[in-house]
Amino acid sequence: MNWLKKSKHIWIIPVYGVFYMIAFMLMENSGAETHLIHSLVDDRIPFCEYFIIPYVIWYFFLIGTILYFTFSCSSNKEYYQFLGTLGVGMTVFLIVSYVYPNGQNLRPELTGDSIFIQAVQFLYKIDTPTNIFPSMHVFNATASCIALLQNKRCRKNKICSAGVVVLTISIILSTMFLKQHSIADVMTALILNIVCYQVFYKIIPQSQEKLTEILTRREIFTVPNLVSSLRLAAAILFLGIFQRQGLEDQKLLLSVLLLGAAATDFLDGKIARIFHQVSKIGQILDPIADKMMQGSVLISLCFRYSLAKPVLVLFLIKECYMMVSGWRVLTETNVSCGAQWHGKLNTAVFYAVAVILFAGPGIPKSTAHILIGASAVCMTMSMIMYIDEFRILLGRVKRPVRRKVPERVRRENSMP
C-alpha cells in the first residue's frame, strides 16, 4: 500500500495510454476524407529498406526511456518534464488528426523477398498511411533524446549520450527513407519539440514559485473555468465537424456551437465576478478558449471567403503579440490586464459577423467581404490599443502607469 501511495504518479502513463489508443483507433476508423501531405523534397528522398532497423528500435527506445524516468530516475521533476512533453505532443497530434484528417501516398511498390523488405511490407500492412502529421515517431524520439541529455547520469556517460543522439537522428531519417512520413511531418514534429522544450525545461522551472501559487485546487476547479474549458472543447469540435462533414450537412450543429461559444464567453466572466471565483487560471484559460474559437471560425471561413485568409494572418499576429506581452506583464509587474472595452467590442463584432455568415441565409460574397472587413478593422483597432497599454505597463513610456491603467485593473491589484 505504501508503494502504491508513493508511486501514484505512475498511473498517469497507463491512463493516458488507454485514452490515446482509443482516440487514435477511432480516428483511424472514421473514414474521413484525408488531406494529402506532400512536398517536392519527398520525391527526391530514395526508399531504403534498411532503415526499418532504427524505425523498429524506436519502440524499445521510447519504452526504455519511459521506464528509466519512471523507476530509475530519482528526480520527479525530470519525470514530469518528460511525461509532460510527451503528453502535450501526443495530445496536439490527436487534435490535429481530428480537425485536419491527413495522409500520404509516398509508399512505393515493394519488390524482393529479403527480410528487410518483408519487415517493411509488414509495417505497411499494420500501419496505415493516415494521421501522420506531425510525426509521433520523430516527436517522441526527439523528446526522449532531450530528456536523456538533460539527465545528469546519462550526460556524464559520453558514449551513452553519443549513442542516444545517433539513434535519434537515425530514427528521424528512417521515417522519410521508409516513406512513412513527409518531410513536413518531420519538420513540424521538431518545431513542436522546440516549443515543448521551452515550456517544460525553461519557462516552467523559471516561474516555479508563481505557478505554485496559481496552480491550486481552489484556483483550478471553479465553475467559470469549467465553462471556459467547454468553450475550448467546442472550438476543437467546431473545426473538426467543419473539416470532416462540411458546413451544408452540419449547418445547424455548427451554428449551435457558435452561439454557445458566444454565450459562454459572456457568462464565464459574469459568473466569476458574481460568485467571487476570479482566478489567475481563469484569466489565462478564458482568453485562450475565446481565441481558439475565433481561430477555428476564421480557418473555416478561409475555405469560403478569400478575404478571411489575410484576416486570419492578422488574428495570429495580434494573438501572438498579446500572449507574449501579456505573459511579460504578468511575470514582470504582477499586473493582470484583463479584457478591455475595445477587446470586448472586437469579440462582439466578430461573433456577430460569424453568426450571420454561418447561421444566416446565403448572402452575396461582396456583402460577406464587407462584414469580414468590418471585423478586421475592429481587430486592428483593438491590437493598436493593446500595444499602447502593454508598453505603458512594461514601463516603456514616460507617462505614469496609473494614468493609463484602467481603474478596474488598479482596483483588482490593490486588493489584499
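The legends below describe close-up views of a predicted model.

**View 1. The pairing of helices H7 and H9.** Helix H7, formed by residues 136-150, and helix H9, formed by residues 158-177, have axes that come within 9 Å and cross at roughly 170 degrees. Because angles over 145 degrees count as roughly antiparallel, H7 is described as roughly antiparallel to H9. On the H7 side the contact is made by His137, Val138, Ala141, Thr142, Cys145, Leu148 and Leu149, which meet Ser161, Val164, Val165, Thr168, Ile171, Ile172 and Thr175 of H9. The residues of this contact divide into 9 nonpolar and 5 polar, with no charged residue among them.

**View 2. The largest nonpolar core.** This core has 38 residues, and those with the most contacts inside it are Phe61, Phe69, Phe82, Leu86 and Leu148. At least two of its residues are supplied by each of H2 (12-28), H4 (52-72), H5 (76-99), H7, H9 and H10 (183-206), and the largest share, 8 residues, comes from H7.

**View 3. The surroundings of leucine 148.** When its neighbours within four places in sequence are left aside, Leu148 is in contact with Phe61, Thr65, Tyr68, Phe69, Cys154, Arg155 and Val164.

View 4. Helix H18 spans residues 365-393, and its 29 residues reach 42 Å from the first C-alpha to the last, close to the 42 Å expected at 1.5 Å a residue. Just after H18, glycine 395 takes a positive phi of about 75 degrees.

How values were computed:
Residues are numbered from 1 along each chain as its sequence is written. This is a predicted model: local features need pLDDT of at least 70, side-chain atom pairs count only at pLDDT 80 or more; totals for chains, interfaces and linings use all residues. Side-chain values use heavy atoms; hydrogens and water are left out. Helices (H or I, at least four residues) and strands (E, at least two) are DSSP runs, numbered from the N terminus. The expected span of a helix is 1.5 Å times one less than its number of residues. Axes are lines fitted to C-alpha atoms, for helices over the stretch in contact, and angles run from 0 to 180 degrees between N-to-C directions. Angles under 35 degrees count as roughly parallel, over 145 as roughly antiparallel, 65 to 115 as roughly perpendicular and the rest as oblique. Contact means heavy atoms within 4.5 Å. Ala, Val, Leu, Ile, Met, Phe, Trp, Tyr, Cys and Pro count as nonpolar, Asp, Glu, Lys and Arg as charged, and the others, Gly among them, as polar. A nonpolar core is a set of buried Ala, Val, Leu, Ile, Met, Phe, Trp, Tyr and Cys residues joined through side-chain atoms within 4.5 Å. Buried means under 20% relative accessible area, exposed over 50%, partly exposed in between (1.4 Å probe, protein chains only).
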